[in-house]
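Subject: Handing over a structure, with notes

Dear colleague,

I am passing this structure on to you, and the notes below say what was found in it. Please read them with the model open beside you.

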Amino acid sequence: MSRPDTSPALRALQDWWGEMGVDADEAEIRALLKTAAQAKPASEPQAPTRKPRAIRKEKTHEDWVEEARQLALAAGSLAELKAAIEGFDGCLLKEAAQNAACFDGVEGAPVMVIGEGPGAEEDRQGKPFVGRAGQLLDRMLGAIGLSRATNVFITNVNYWRPPGNRNPTDEELELCRPFVDRMVELNAPKLIIAAGGVSAKSLLQASIGIMKLRGTEQVLKTPGGYSAPLFPIFHPAFLLRRPEEKSRAWRDLLQIQGKLEGIG
C-alpha cells in the first residue's frame, strides 16, 4: 500500500503558520517536504526541484549587492526591472517563496506606495498588498481620491516573503535596495508613501521608529539623482491590530492629500 502524499498538508501547515505570525523554521519545513516527496511510490511523478546554485557560495554579500546594482541600472523600463528582480538569485528568501511580489498599480502614477514585503496572499499572487492589509490600504487611499487602478503605483522594499512573516533583515533589504531605487527613478512619482516602520526606516536610513516618523514630511533621494517628498504612515496590518490608531492614520492621509493638492 502506498503512503499518502503529505506534501500538500505540510505546505498548508507552512502557510497557516505564516498567517498566524509564527516564525517557522524554513529549513526544517523544506526537509520535511523533501522527506515526503521521497516517500512517494516510484511510479508517481516527482515535482521538479530547483537545482542548487553552487555559484552563490562563491559570491559574498557585497558581490550580490553589486550585481543587484548593475542589474537595476541596466533596466530601462519597469518590465525590464521586474524581469531582473525575478531572475536575481542573491536573496535567499527567494528559495522558499512562490513568487516575487514586484509591483502593482499604474506605471508612471503620481503617487507611489512602498510597503514592507509580501505576506502569504502576496506570495501566492505575486503582487504587493492584495491580502487583508491591502484591502484596507485600498480603502485608505480611496478616502483621499487615490486608487491603484488610476493614480497609484505600489511596491515593497523587499520582494520575497520572509518565513513566518518576520521582518526582512538589514542584509535582505540591502540586496533589494538597488531595485527599489531604480523603481522610483523609472516610475518618477510626485509623492511617495512609506507604509510601515520597516519601509520608512529602510528608505530613509533612519534609526527612529514609525511612531515618530509618521506625520512628518521627508525627502527620498536616489543614487540616480531623483528626489520626491516621502510621507511615512502606519502599515495597514498594524491598523488592523490597533484600530484605535486610525484617527492618527486619517490625519496622515489628510496631510498627504494637502501636499498633493499643493504640487498639482
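A residue is called buried under 20% relative accessible area, exposed over 50%, and partly exposed in between, with a 1.4 Å probe and protein chains only. By that scale Lys59 is partly exposed, since its relative accessible area is 25%.

This is a predicted model, in which local features need pLDDT of at least 70 and side-chain atom pairs count only at pLDDT 80 or more, while totals for chains, interfaces and linings use all residues. Residues are numbered from 1 along each chain as its sequence is written, and side-chain values use heavy atoms, with hydrogens and water left out.

A salt bridge is a side-chain nitrogen of Lys or Arg within 4 Å of a carboxyl oxygen of Asp or Glu, and a search of the whole structure finds 15 of them. In one of these, Lys59 pairs with Glu67, with the closest N and O atoms 2.4 Å apart; Glu67 is partly exposed, at a relative accessible area of 26%. Lys59 also lies over the face of Trp64, at 4.3 Å from the ring centre, where a charge sits over a ring if NZ of Lys or CZ of Arg is within 6 Å of the ring centre and within 35 degrees of the ring normal.

Trp64 leads on to the aromatic residues, for it forms one aromatic cluster with Phe88, Tyr159, Trp160 and Phe179. Rings of Phe, Tyr and Trp (its six-membered ring) pair if their centres lie within 6.5 Å, and planes under 30 degrees apart count as stacked, over 60 as edge-to-face and the rest as tilted. The structure holds six aromatic pairs. In one of them, the ring centres of Tyr159 and Trp160 are 6.1 Å apart and the planes stand at 90°, so the pair is edge-to-face. Both of these residues are buried. Tyr159 and Phe179 are likewise edge-to-face, because their planes stand at 70°, with the ring centres 6.5 Å apart. This second pair links distant parts of the chain, as Tyr159 is in the loop between β3 (152-156) and α8 (170-187) and Phe179 is in helix α8, 20 residues apart. Helices (H or I, at least four residues) and strands (E, at least two) are DSSP runs, numbered from the N terminus. Phe179, at 0% relative accessibility, counts as buried.

Turning to the strands, two of them pair if DSSP finds at least two bridges between them. Six strands form an open sheet in the order β1-β3-β2-β4-β6-β5, with mixed pairing. Because β1 (103-105) and β5 (218-221) each have a single partner strand, they stand at the edges, and one side of each is left without a neighbour in the sheet. The partner of β5 is β6 (residues 227-233), to which four bridges join it in an antiparallel run, and Val219 stands opposite Pro229 in β6.

Glu217 forms a salt bridge with Lys259, with 2.9 Å between the closest N and O atoms. Glu217 lies in the loop between α10 (210-213) and β5, and Lys259 in helix α12 (residues 246-263), so the pair ties together parts that are 42 residues apart in sequence. Elsewhere, Arg242, Glu244, Glu245 and Arg248 are linked in a network of salt bridges.
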